[in-house]
Amino acid sequence: MVNDIDGDAAQQVVHEICERGGHAVLDDHDIVHDPVALVATAIDAFGRLDVLINNAGVLGVTAFGDVSAESWDKVFDSLIKGPVGVTRASWKHLLQSDAGKVVNVSSVGMLGNPGFTAYGAGKAAVFGFTKSLALEAIGTNVTVNCILPSAWTRMSEAIPDPLVRDVLQKHFQPEHVSSFVAWLAHPANRINNEAFEVGAGRASRVRLGVGPGVQVTTSDIDAWFQQQDKLMASGGELTPVDTSTDLFGLEVARAVEDLNLQQFTEKPVQFDNVEFQ
């Protein structure tokens, strides 16, 4: 099933799928306001749901001080309320599948760009939603991952920088991304709880990392100013953290090392069913 705010573009995709021997249907329900009806279209047409790709979104480029609350919310809602609503409506069907797949589309925009506060916030929310839902999917037949794609699309045509647009158009064809998504959605693929940067025939895992850090002997403003340069210095080995448990475990371990916290070393601490000694 193909859903798009642009009915003509969606119909073209349906036509191309059918032309190549597949079966596809068109849906025009709003992802934010009518996710249940959207999913019902797929169930009525195919009787089941195995793969959900949350790819819909809009791009708004306005400085935060100039954008209206209504315009900001419209971008943000389409990027996170839409995927959440459609996923919620799809979830029971995906759990019934032998190999349910959710592929969410985040973006490198979550790392920040001026004029893209709503877009960046929405795509960061997609990243966080993916990571939490993937943990809930453990023990089921469903996997949940997200991609941060770079590709030449109707939406990227609106990027203000002409150099960026030119590079995307020449080297970042959407087929590079769609083939990767097809790989993630394949029944034999059991990868879960990952994020991938993908574009121009390349892909990389995207993980959060924590730097070496600093320790103050007294928690006051002067102490933090004294450590400011060391804290902000680049370099040093990054420790990957994929879940909140990973980060909390690292914090506890460093506290034990830095402060010699005997209350932790003498008695194990449990957080989210994970024990730290």
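Is Phe 76 buried, partly exposed or exposed? Phe 76 is partly exposed, at a relative accessible area of 23% (buried means under 20%, exposed over 50% and partly exposed in between, with a 1.4 Å probe and protein chains only). Welcome to a short tour of a predicted model, in which local features need pLDDT of at least 70, side-chain atom pairs count only at pLDDT 80 or more, and totals for chains, interfaces and linings use all residues. Residues are numbered from 1 along each chain as its sequence is written, and side-chain values use heavy atoms, with hydrogens and water left out.

**Aromatic pairs**

- Five aromatic pairs are present in the structure (rings of Phe, Tyr and Trp, the last by its six-membered ring, pair if their centres lie within 6.5 Å; planes under 30 degrees apart count as stacked, over 60 as edge-to-face and the rest as tilted).
- One of them joins Trp 72 and Phe 76, whose planes meet at 20° with ring centres 5.4 Å apart, so this pair is stacked.
- Both Trp 72 and Phe 76 sit in helix α3 (residues 69-95), four residues apart, or about one turn of the helix.
- Phe 180 and Phe 196 make an edge-to-face pair, with 65° between the planes and 5.3 Å centre to centre.
- Phe 180 belongs to helix α6 (residues 174-185) and Phe 196 to strand β6 (residues 195-199), so their pair ties together parts 16 residues apart in sequence.
- Phe 180 counts as buried at 12% relative accessibility, and Phe 196 is buried too, at 8%.

**Overall layout**

- The protein chain has 10 helices and 11 strands (DSSP runs numbered from the N terminus: helices are H or I with at least four residues, strands E with at least two).
- Domain 1 covers 31-206 and domain 2 covers 209-263, with bounds from an automatic or database domain assignment.
- The centres of domain 1 and domain 2, taken over C-alpha atoms, are 33 Å apart.
- Along its principal axes, the C-alpha trace of the protein chain spans about 65 × 45 × 35 Å.

**Burial and contacts**

- The protein chain has 277 residues, of which 34% count as buried.
- Among contacts in the protein chain with a separation of 6 or more, 65% involve residues 24 or more positions apart (a contact means heavy atoms within 4.5 Å).
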